[in-house]
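Welcome to this guided tour!

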Amino acid sequence: MKKIRPDQIITKVNSFFKKQDFDSLYTSKVRIIMHFGMWLMFTILLFSNYYDVIGISINQSLFLSVRVLVSSLVIFYLFFYLVIPYARGSKLWIIPFLAAPICILIWLFINNLFYVLAYRYGFDISNLYPLMGKEKNFIPTLWSVFSFKAVILNALSVIYSLSPFFFTKILIDIRRINKDRLRIQDQRSKLALENIKVEKDFLKAQLNPHFLFNTLNNLYRLAIKKDNTAPEVVLNLSEIMGYTLYDSDAEYVSLTKELDFIENYFSLEKMRYPKSYEINLQIEGREHANYLTIAPLLTFTLIENAFKYGLKNEEESFVILTINITKDQFVFEIKNDRDILDKTITSRSRGIGIKNLKKRLHLIYPTKSDLQITDGQGEFKVSLNIALQHD
């Protein structure tokens, strides 16, 4: 028979409890039963202590147990179901600290009330007075509990009696607060991912119309000239459309497919400009791309912006894209010329495309990405470094 190690048992137990939805089982009925069971157990323990340990009679043990039970019940539910909710709603967290001394006085008052009632109705508890530090002929009164000396002497007893319930309740509330916080974080993460999907769909919609229009015009021009590169343009366009329509719906794609998209898009954009313009793409370390994944269409905005805002300097027009891939790093750098007199380009680094990119990087690669934007005198450069995960 195969032996099961203790760590395996602990792992299985933890796995079981993680799968259970205890919040759905913790209904109002179950909550009432558990509270009732807790107070019943507390009363039984008190009674056992008075009767078996101290050696008090059954009636007096029952009297003392009920006395502590009632006072503890009142303070517990007063504090956690009235004071704390009010403090949470008003956000005045000093209220529990102000209410604590009042709760101690109420607890002492209820305890003393039991002694007053016992004395008034002839229930003999005089033999218990020495346990309380009182004389045999002590006559309890309601207001004797409010003396400063009585409060100080009995404060520790109050804290001692209530501490198990307070500690248990605080632990339960902390767990509930943490679970609510995790649930809110999970909802925010799901919402953020939904926003990413919306932004990604927006990129796809943005890519298709005007890019398709320009590419078809170029294709028409090549067809008129009976240029041999026309079939290659059709193939590149087909691969781009297939990638944006199908592959980019995934959260992560193969880096190889993303590189193919970049190459196809870059080459089709390059067709629109004279050959005298410096438009270059260089990819190093492509052999590592087969084992890495990346969020799709992440660099599309950067490439599109380079062609949109660049290639306007009559003396020196350029768009240069360099991609360097290592075992776990994706280093992307694109730069283009800029017209110094063009005022609109100064807001490019604050445009919606860059904002969406920063948001996606923050959500998908919060600690694994670095985006640097340099707006120089005659050059605009964007550098992006991402630590990628293996497929």
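Start with the whole protein chain on screen. Among its contacts with a separation of 6 or more, 72% are between residues 24 or more positions apart; a contact means heavy atoms within 4.5 Å. Before zooming in, know that this is a predicted model, where local features need pLDDT of at least 70, side-chain atom pairs count only at pLDDT 80 or more, and totals for chains, interfaces and linings use all residues. Residues are numbered from 1 along each chain as its sequence is written, and side-chain values use heavy atoms, with hydrogens and water left out.

Now colour by secondary structure. Of the 391 residues, 35% count as buried, meaning under 20% relative accessible area, while exposed is over 50% and partly exposed lies in between (1.4 Å probe, protein chains only).

**Stop one: H4 and H5.** Select residues 58–90 for H4 and 95–120 for H5. These helices pack at an angle of about 155°, with axes 9 Å apart; axes are lines fitted to C-alpha atoms over the stretch in contact, and angles run from 0 to 180 degrees between N-to-C directions. H4 and H5 are therefore roughly antiparallel, the word for angles over 145 degrees.

**Stop two: H7.** Next, select residues 230–245. Helix H7 has 16 residues and reaches 23 Å from its first C-alpha to its last, close to the 22 Å expected, which is 1.5 Å times one less than the number of residues. Which residues of H7 are buried? They are Ala230, Val233, Asn236, Leu237, Ile240, Met241, Tyr243 and Thr244. Look down the axis of H7: its buried residues fall within an arc of 160°, so they line one face of the helix. The arc is taken from the directions from the helix axis to the C-beta atoms.

**Stop three: H9 and H10.** Select 300–309 for H9 and 352–364 for H10. The two pack at an angle of about 160°, with their axes 9 Å apart. That makes H9 roughly antiparallel to H10. To see where they meet, show Thr301, Leu302 and Asn305 in H9 beside Gly353, Ile354 and Leu357 in H10.

**Last stop: Ser317.** Move to the loop between H9 and strand E4 (318–325), where Ser317 sits. Is Ser317 buried or exposed? Ser317 is buried, with a relative accessible area of 9%. Not counting residues up to four places away in sequence, Ser317 touches Tyr277, Glu278, Leu311, Lys312 and Asp337.

Notes: Helix = DSSP H or I, 4+ residues; strand = E, 2+ residues; numbered from the N terminus. Parallel < 35°, antiparallel > 145°, perpendicular 65-115°, else oblique.
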